[in-house]
Amino acid sequence: MSLLIVGTVAFDGIETPFGKVDRILGGSATYIGISASYFNKTCNLVSVVGGDFDNENIELLKKHSINCDGLKLVPNQKTFFWSGKYHKNMNKRDTIETQLNVLETFTPIIPEKYQNCSYLMLANLMPSIQLEAIANLNQKPTLIITDTMNYWMDNCLSDLISVISKTDVLIINDEEAFQLSGEKNINNAAKKIQKMGPLFLIIKRGEYGAVLFSNNRVFSCPSFSVKKCIDPTGAGDTFAGAFIGHLTSTRDNSFENMTHAVIRACAMASFCVEGFGVNGLLNVGKETLTKRIETLTKIIS
Ligand code: AMP
């Protein structure tokens with residue numbers, strides 16, 4: 001079953017209590033693709049980068065089984081840039097800068113061989129581009145999974161609501177769920193958001209794990225506690241990548257199987273926070289990953 005990811009490929013500037021980097025490979029689609037590669041053999045990427053994007057990074061994506069035929073290069077423009085700073089409590093971060101650059105004029109053209117994908121992952125991205133991606137597919141995928149963030153709620157809410165109405169699984173964090181629903185309680189927020197369209201809703205709660213909602217069913221998974229959290233950037237995207245990677249490889253979209261996907265997603269996100277940027281994700285050992293999945297499964301049962 002094929003997986004198509006439409007999202008950002010970026011350069012990030014990150015500051016956490018453990019250090020600072022000015023320009024490191026990032027982007028929602030980057031984290032999702034790398035994370036999914038630990039569960040699913042291959043994925044197709046649709047995104048855009050500028051002339052400042054180096055070949056070395058494209059090779060890194062390819063090395064993680066990400067098909068880059070749909071990665072557009074705009075030589076005379078700059079790659080999307082985002083920078084953020086974490087507080088001492090790393091559950092809180094401030095976005096310092098978002099430079100859309102190449103994203104401002106990007107149209108997500110879906111290469112012929114990516115058409116007929118069964119799973120469409122709309123990674124965090126401008127909602128108008130997410131809508132175009134859906135429209136540019138010849139047929140509706142079996143499952144549309146969407147991720148977004150407060151930036152788009154602040155700037156393009158009506159487009160975002162339209163994306164959410166076409167979404168099967170929405171993945172957001174608790175603050176975003178409160179903002180989107182206007183509620184202050186997670187269960188009330190979940191009820192309201194499910195009425196906006198998605199049959200499944202996942203609310204991520206940082207170091208407290210994640211909760212899956214569908215109709216009246218609820219499943220909660222704790223996060224895997226790591227010895228040292230160095231940089232939480234991309235943990236949410238990594239979560240989404242493992243979630244969709246598991247669904248794509250098992251071809252089972254039941255609530256039951258989604259609970260397994262959430263456990264894998266929490267386990268995978270724990271590797272992300274152990275290094276700066278994508279570094280924690282580049283060499284995840286199969287055995288360590290399996291152990292973390294088993295630990296979480298035991299805690300839940
Ligand atoms: P997360 O920590 O899971 O929210 O993901 C952080 C990643 O999302 C970074 O690599 C950023 O490049 C990317 N990102 C930040 N802001 C946006 C945005 N407004 N749209 C799309 N991607 C973004």
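**Note on the predicted model: sheet, cores and cavity**

1. An open sheet is built from four strands, ordered S3-S2-S6-S7, with mixed pairing. The edges are strand S3 (19-26) and strand S7 (93-99). Each has a single partner strand, so one side of each lacks a neighbour in the sheet. On average, neighbouring strands of this sheet are turned by 15° against each other, direction ignored. The model is predicted.

2. Look next at the pair S2 and S3. Strand S2 covers residues 10-16 and runs antiparallel to S3. Six bridges join the two. Thr16 stands opposite Gly19 of S3.

3. Which residues touch the most other members of the largest nonpolar core? They are Val169, Ile202, Phe239, Phe243 and Val262, in a core of 61 residues. Helix H9 (residues 255-272) supplies the largest share of this core, with 12 residues.

4. Neighbours within four places in sequence aside, Phe239 is in contact with Ile171, Ile202, Lys204, Ala210, Val262, Ala265, Cys266 and Ala269.

5. In soluble globular proteins, nonpolar side chains tend to be buried together.

6. How many cavities of 30 Å³ or more does a search of the whole structure find? The search finds one. The largest cavity has a volume of about 30 Å³. Its lining consists of Leu3, Gly33, Ala36, Ser37, Asn40, Lys41, Thr42, Cys43, His64 and Ser65.

Conventions
Residues numbered from 1 in each chain as written. Predicted model: local features only at pLDDT ≥ 70, side-chain atom pairs only at ≥ 80, totals over all residues. Heavy atoms only, no water. Pairing = 2+ DSSP bridges. Axes fitted to C-alpha atoms, helices over the stretch in contact; angles between N-to-C directions. Core = buried A, V, L, I, M, F, W, Y, C linked by side-chain atoms within 4.5 Å. Buried < 20%, exposed > 50% of the residue type's maximum accessible area, 1.4 Å probe, protein only. Contact = heavy atoms within 4.5 Å. 1 Å grid on protein atoms, 1.4 Å probe; cavity = no way out; pocket = protein on both sides within 12 Å on 5 of 7 lines; lining within 4 Å. Points joined across faces, edges and corners; volume = space filled by probe spheres on them.
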